[in-house]
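Open the model in your viewer and keep the selection tool at hand. The stops below are meant to be taken in order.

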Amino acid sequence: PYVGPVRKMDIRNNRFKKCTANIARFRGPTTGSFVNNIVEDWGYDYTGVTSAGGNAVALLLYGTSNLKCTGNVFELVDWTLDQHVAVLLDNVTLNATLYTQGGHHFEGNTYRGLKYGIYEGTGGTRSDYVEELFDTVTTPFGGSFHTDSLATYRDAAGKRQFNRVGGNTFP
C-alpha cells in the first residue's frame, strides 16, 4: 500500500571509510538523524587517485528539514584535499514540488582537513549550528549562509571561538 511521501532515515554509530561519493543523501521530505558517525576519506574513486571534485560531499541534504546531526567526525586522513565538503544543504525540486531545506540542528561535530565544513545553498530556513569544531578547514561555512542561521564554532588551529548570526561573525 501507498504510505505517503514522508520518510525518516536514522544513521547512527557507524564508521565510513574510503567511500566514493556521498555517505548519505537525504532528499525531499526525508527527515531523521545522522548521529555519532565517523566519516573518513570520501569523494575519490576506489584507487584513491581521482577526485570526485565538486561531488565530494559526505552528507547531502537536499530539501530536507529538521534533521539532527550531532557528534560526528568528518575528515580526510589518507586522501588529498580537493573540493571536499562535509555537509551540503540546498533546496530541491522533485516531481515539480519544491522542497525547502532548513530547521536542522547541528551540534558537537568535528571537521578536519576539508575545503568546506558546511555549505548552505540558496533559500531555506534557519538552521542552528552549536559548538562545531573546525580543524584545518579552508572555509568553515560557505555558500549563501541563511541570514537567520545561528552558529557557535571553534577554530582549532587559531584556538578561537566564534559566534555567527547570519552573515556576521563575532569572535
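This tour goes from the cysteines to the aromatic rings of a predicted model.

Start with the cysteines. Select Cys 19, which is partly exposed at a relative accessible area of 23%. Then select Cys 69, which is buried, with a value of 0%. How many disulfides are there? The count is zero, because a disulfide needs a pair of cysteine sulfur atoms within 2.5 Å.

Next, turn to the aromatic rings. Eight aromatic pairs are counted in the model. Select Phe 16 and Phe 34 to see one that is stacked, with 6.5 Å from centre to centre and 15° between the planes. Which strands hold these two rings? Phe 16 belongs to strand β2 (residues 15-19) and Phe 34 to strand β4 (residues 30-35), so their pairing ties together parts that are 18 residues apart in sequence. Are Phe 16 and Phe 34 buried or exposed? Both Phe 16 and Phe 34 are buried.

Now move to Phe 134 and Phe 141. This aromatic pair is edge-to-face, with 5.4 Å between the centres and 65° between the planes. Phe 134 is buried at a relative accessible area of 2%. Phe 141 is also buried, and its relative accessible area is 8%.

Terms used
Residues numbered from 1 in each chain as written. Predicted model: local features only at pLDDT ≥ 70, side-chain atom pairs only at ≥ 80, totals over all residues. Heavy atoms only, no water. Buried < 20%, exposed > 50% of the residue type's maximum accessible area, 1.4 Å probe, protein only. Phe/Tyr/Trp six-rings, centres within 6.5 Å; stacked < 30°, edge-to-face > 60°. Helix = DSSP H or I, 4+ residues; strand = E, 2+ residues; numbered from the N terminus.
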